[in-house]
Amino acid sequence: MLPVLDEEVVRHRIAKRIALDLEDGAVVNLGIGIPTLVSDYVPEGVSVLIQTENGVVGAGPKPEKEDLRFIGAGGRCVSLLPGSSLVASDTSFGLIRGGHLDATVLGALEVDSHGNLANWMIPGKMVPGMGGAMDLVTGAKTVYVATTHVDKKGRPKLVKECTLPLTGAEVAGVVVTEFCVVRKTDGKMVLTEIAPEVTLEQLKEHTTMDFEVSPDLCPMKGID
Amino acid sequence: MTHKLIKPVMSAEEAVKNVKSGSSVMVGGFNYAGVPYTLIDALVEQGTKDLHLISNDTLYANDKHPEGVGHGKLVVNQQCRKVTASHIGLNRETQRLFNEGKMELELVPQGSFVERIRCGGFGLGGVLTPTGVGTIHEEGKQVIEVEGKRYILELPLKADVALIRGFKADRWGNLTYFGTGRNFNPAMATAADLVIAEVDAIIEDSPLNAEDIITPGLLVDILVLKGDGYYASRT
């Protein structure tokens, strides 16, 4: 069995780990859920430009006073940071598809051995629409997948082959769960960091994704 | 000021009479921002059915707002035979009516959605995008290889009427936008036979500063001043 961690600890751990990867000056789009939390953990001395698909380039935290005229992609109000700009949707998606985004952080239903990502629908159950996700995974230089290691029923989310409809084929660059970091390197998924609560054997038991273990495997960063 | 370049200012009720049963209707907005709430309320009141709604999302319908918010009301009120959108997850009625086979639903990736509208408005036969390649979105669409890379051919999207939301207008119909309210509105203004713009203010006696204009007035047919509804007055 995998150890059971507090849900909030899990969410914040994943967000913090991804934030540690972001470089100064990076242009980043954050999806809803755990990805939204990434902006809270951007390390000191690092400034990133947060882009939202509905047209904010340079979004800041939720303002104290709600103003529905300034909405983020997740439907939460946003503030504008100094240096920000507002653009229309065609320009916003031009930025996304055109390779002007260094990273996007998205959630997952499944992510597999080839880096295929499924996160937008469960046929017959949940068909909310892909929104901007298909464009984001196509255009961003690095796609970060932020997900719990297993689903609510304990089934692996890092799977051998996705069974759900894909958001993008072979798009995932880095997968971060509460227990590990997997990076796609030379077309292969490589485990690079592991959390202190689990052993490699435990992790393998709850992961059906094919992955290699990095010779430089180290403890997961960002855990206090 | 009576010549043709000066655009008529109407009430929302009068303006939406142009939306007929069976019309395709583009509606601007992303989530709460940039939505022509007053025009939508008038269209709900008018009760026109069999519409093809083309909008990024269908806003909200949930326990807090069972009647729906913005153009979400058009879905709740069962005025749409079809919805073309990129995300409908926050309106439970859109999902339900689609699942029960009572309404057609076409989901389009958001970037492709706006490009299709741009094609419609800018005289292009389609656009080649890498978005959706290798997914079920590819099904039934032409895939074209250019210099070794595969692209989906996305076809133009046009409408009979566009209901858009601007910030300031002058009497020539020139528009500016505010905050995140710009979103799909400028693109939709190019892609419909009739464009009705709801705005926060109509400057009566002088033109807007030409440098600030995002949508040129030639694209706008009718101006409507926003009303004092809950969301119209908060956006």
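User: Which residue stands opposite A:T52 in strand 3 of chain A?

Analyst: The model is a predicted one. In it, A:V56 of strand 3 of chain A is the residue that stands opposite A:T52.

User: How many bridges join strand 1 of chain A to strand 2 of chain A, and which residues are partners?

Analyst: Three bridges join strand 1 (residues 27-30) to strand 2 (residues 49-52) of chain A, and the two run parallel. With at least two bridges needed, these strands therefore count as paired. A:V28 has A:I50 as its bridge partner, and A:V27 stands opposite A:L49. Strand 1 of chain A also pairs with strand 5 (residues 103-106) of chain A, in the parallel sense and over three bridges; there the bridge partner of A:N29 is A:T104.

User: What is said of the two faces of strand 1 of chain A?

Analyst: Both faces are covered. A:V27 and A:N29 are buried on one side, and A:V28 and A:L30 are buried on the other. In a regular strand, side chains alternate between the two faces of the sheet.

User: What is the strand order of the open sheet in chain B, and why are two of its strands called edge strands?

Analyst: The sheet has eight strands in the order 1-13-11-9-2-3-4-5, with parallel pairing. Strand 1 (9-10) and strand 5 (104-107) of chain B each have a single partner strand, so one side of each is left without a neighbour in the sheet. Elsewhere in the order, strand 3 (residues 51-54) and strand 4 (residues 80-85) of chain B pair in the parallel sense over four bridges, with B:V83 as the bridge partner of B:L53.

User: Why is A:I194 called buried?

Analyst: Its relative accessibility is 13%, and buried means under 20%, so A:I194 qualifies. A:I194 belongs to strand 12 (residues 188-194) of chain A. Beyond four places in sequence, A:I194 touches A:F179, A:C180, A:T199, A:L200, A:L203, A:L217, A:C218, A:P219 and A:M220. A:C180 is 14 residues away in sequence, yet the C-alpha atoms of A:I194 and A:C180 are 4.4 Å apart.

User: Why is A:T207 called buried, and with which residue does its side chain make a polar contact?

Analyst: A:T207 has 9% relative accessibility, under the 20% limit, and is therefore buried. It is placed in the loop between helix 5 (200-205) and strand 13 (212-219) of chain A. A polar atom of the side chain of A:T207 lies 2.6 Å from the backbone oxygen of A:L203, against a limit of 3.5 Å for a polar contact.

User: What makes A:D135 buried, and which residues of chain B does A:D135 contact?

Analyst: The value for A:D135 is 0% relative accessibility, so A:D135 counts as buried. This residue lies in helix 4 (residues 133-139) of chain A. Among its contacts are B:P109, B:Q110, B:G111, B:S112 and B:T131, and on chain A, A:F93, A:I96 and A:R97. The side chains of A:D135 and B:T131 make a polar contact at 2.8 Å.

User: How do you know that B:E115 and A:R97 form a salt bridge?

Analyst: Their side chains meet at 3.7 Å, N to O. The rule asks for a distance within 4 Å, so the pair qualifies. One salt bridge is found across the interface of chain B and chain A. Helix 5 (residues 110-122) of chain B gives the largest share of the side of chain B that touches chain A, namely six residues. That side divides into 16 nonpolar, 19 polar and four charged residues.

User: How many residues are in contact across the interface, and what area do the chains bury between them?

Analyst: Contact involves 39 residues of chain B and 33 residues of chain A. The two chains bury about 2,900 Å² between them, 65% of it on carbon and sulfur atoms. The count of residue pairs in polar contact between chain B and chain A is eleven.

Definitions and conventions:
Residues are numbered from 1 along each chain as its sequence is written. Chains are lettered from A and ligands numbered from 1 in the order in which they are written. This is a predicted model: local features need pLDDT of at least 70, side-chain atom pairs count only at pLDDT 80 or more; totals for chains, interfaces and linings use all residues. Side-chain values use heavy atoms; hydrogens and water are left out. Contact means heavy atoms within 4.5 Å. Buried area is the accessible area (1.4 Å probe) that two parts lose on being put together, summed over both. A polar contact is a pair of N or O atoms within 3.5 Å; within protein, one must be able to donate a hydrogen and the other to accept it, and residues adjacent in sequence count only if both atoms are side-chain atoms. Ala, Val, Leu, Ile, Met, Phe, Trp, Tyr, Cys and Pro count as nonpolar, Asp, Glu, Lys and Arg as charged, and the others, Gly among them, as polar. Buried means under 20% relative accessible area, exposed over 50%, partly exposed in between (1.4 Å probe, protein chains only).
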